[in-house]
Amino acid sequence: MVINITGGNKTIRSLTKSLVEYCADKLKLNDTILLDIEFSRTLYKEDGILGEVDFDDNNHRPKEFTMTVDSTVSKRRIMETIAHEMVHVKQYAKGELVDLSRCGSTRWQNNLIDSATNYWDLPWEIEAHGRELGLFIRWAEENKLGKYAWTQEKYA
């Protein structure tokens, strides 16, 4: 996996690289993936969006992704968001999630999901929200980061 990171400070970039590599390993992502990560101070503030993943939609199993992450939230929330978005990278890269937005729907594990489905009922969001915290905590524990206040829940 090739990772390019822009924005953020040196510490955030270092933590991000470590977390992305950890998630890629745990999610069994192919080494051929190219991931550009951009930290933004203006990511859809009014919508409450903390991160997103974009890719060339001409390929149902993309290998090049751009992840944009809100840099104005806490360090822990940034890391949890990256873990969440890495689950989406896995879903797209493995062909589990296929964007058919031109047709008004999305395919999830070979099932069409209607575009009117509530965000919290979307199966790919259920998986991403369900895995983000576990990925973050296991990464923090493995890297002995639990001694830092920012990794503790009360500071999130």
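In the predicted model, Glu-132 is in contact with Arg-77, Glu-80, Ala-83 and His-84, once its neighbours within four places in sequence are left aside. Glu-132 has its place in helix 3, and with a relative accessibility of 8% this charged residue counts as buried, because the cut-off for burial is under 20%. Leaving aside neighbours within four places in sequence, the contacts of Lys-90 are with Leu-27, Leu-29, Glu-96, Glu-127 and Arg-131.

Trp-139, which is likewise found in helix 3, counts as buried at 1% relative accessibility. Beyond its neighbours within four places in sequence, Trp-139 is in contact with Leu-15, Ser-18, Leu-19, Tyr-22, Met-79, Leu-145 and Trp-150. Trp-139 and Lys-26 are separated by 113 residues in sequence, whereas their C-alpha atoms are 9.9 Å apart in space.

The packing of the helices was examined next. Two packed helices are described by the angle between their axes and by the distance between those axes. For helix 1 (residues 10–26) and helix 3 (residues 123–142), the angle is about 115° and the axes are 10 Å apart, and the two helices are therefore roughly perpendicular to each other. Their crossing is right-handed. On the side of helix 1, the contact is made by Leu-15, Ser-18, Leu-19, Tyr-22, Cys-23 and Lys-26, and on the side of helix 3 by Arg-131, Leu-135, Arg-138, Trp-139 and Glu-142. Sorted by class, this contact of helix 1 with helix 3 comprises six nonpolar, one polar and four charged residues.

Helix 1 also packs against helix 2, at an angle of about 35° and with the axes 10 Å apart, and the crossing of helix 1 and helix 2 is again right-handed. Here helix 1 contributes Thr-11, Ile-12, Leu-15, Thr-16, Leu-19, Val-20, Cys-23 and Ala-24, while helix 2 contributes Lys-75, Ile-78, Met-79, Ile-82, Ala-83 and Met-86. By class, the contact of helix 1 with helix 2 has 11 nonpolar, two polar and one charged residues.

In soluble globular proteins, nonpolar side chains tend to be buried together. In this model, the largest nonpolar core has 40 residues, of which Phe-65, Met-67, Met-79, Ile-82, Met-86, Val-89 and Trp-139 touch the most other members. At least two residues of this core are supplied by each of helix 1, strand 2 (34–40), strand 3 (51–55), strand 4 (64–70), helix 2 (75–93) and helix 3. The largest share, nine residues, comes from helix 2. One of the members that touch the most others, Ile-82, touches Thr-16, Leu-19, Val-20, Phe-39, Met-67 and Val-69 when residues up to four places away in sequence are not counted.

Asp-56, in the loop between strand 3 and strand 4, counts as partly exposed at 48% relative accessibility. Not counting residues up to four places away in sequence, Asp-56 touches Pro-62 and Glu-64. Asp-56 and Lys-147 are 91 residues apart in sequence, and the distance between their C-alpha atoms is 40 Å.

Lys-28 lies in the loop between helix 1 and strand 2, and its phi is near 55°, which is a positive value in a residue other than glycine. With a relative accessibility of 63%, Lys-28 counts as exposed. Lys-144, in the segment after helix 3, likewise has a phi near 55°, a positive value in a residue other than glycine, and at 63% relative accessibility Lys-144 counts as exposed.

Notes
Residues are numbered from 1 along each chain as its sequence is written. This is a predicted model: local features need pLDDT of at least 70, side-chain atom pairs count only at pLDDT 80 or more; totals for chains, interfaces and linings use all residues. Side-chain values use heavy atoms; hydrogens and water are left out. Axes are lines fitted to C-alpha atoms, for helices over the stretch in contact, and angles run from 0 to 180 degrees between N-to-C directions. Helices (H or I, at least four residues) and strands (E, at least two) are DSSP runs, numbered from the N terminus. Angles under 35 degrees count as roughly parallel, over 145 as roughly antiparallel, 65 to 115 as roughly perpendicular and the rest as oblique. A crossing is left-handed if the near helix is turned anticlockwise from the far one by less than a right angle, and right-handed if clockwise. Contact means heavy atoms within 4.5 Å. A nonpolar core is a set of buried Ala, Val, Leu, Ile, Met, Phe, Trp, Tyr and Cys residues joined through side-chain atoms within 4.5 Å. Buried means under 20% relative accessible area, exposed over 50%, partly exposed in between (1.4 Å probe, protein chains only).
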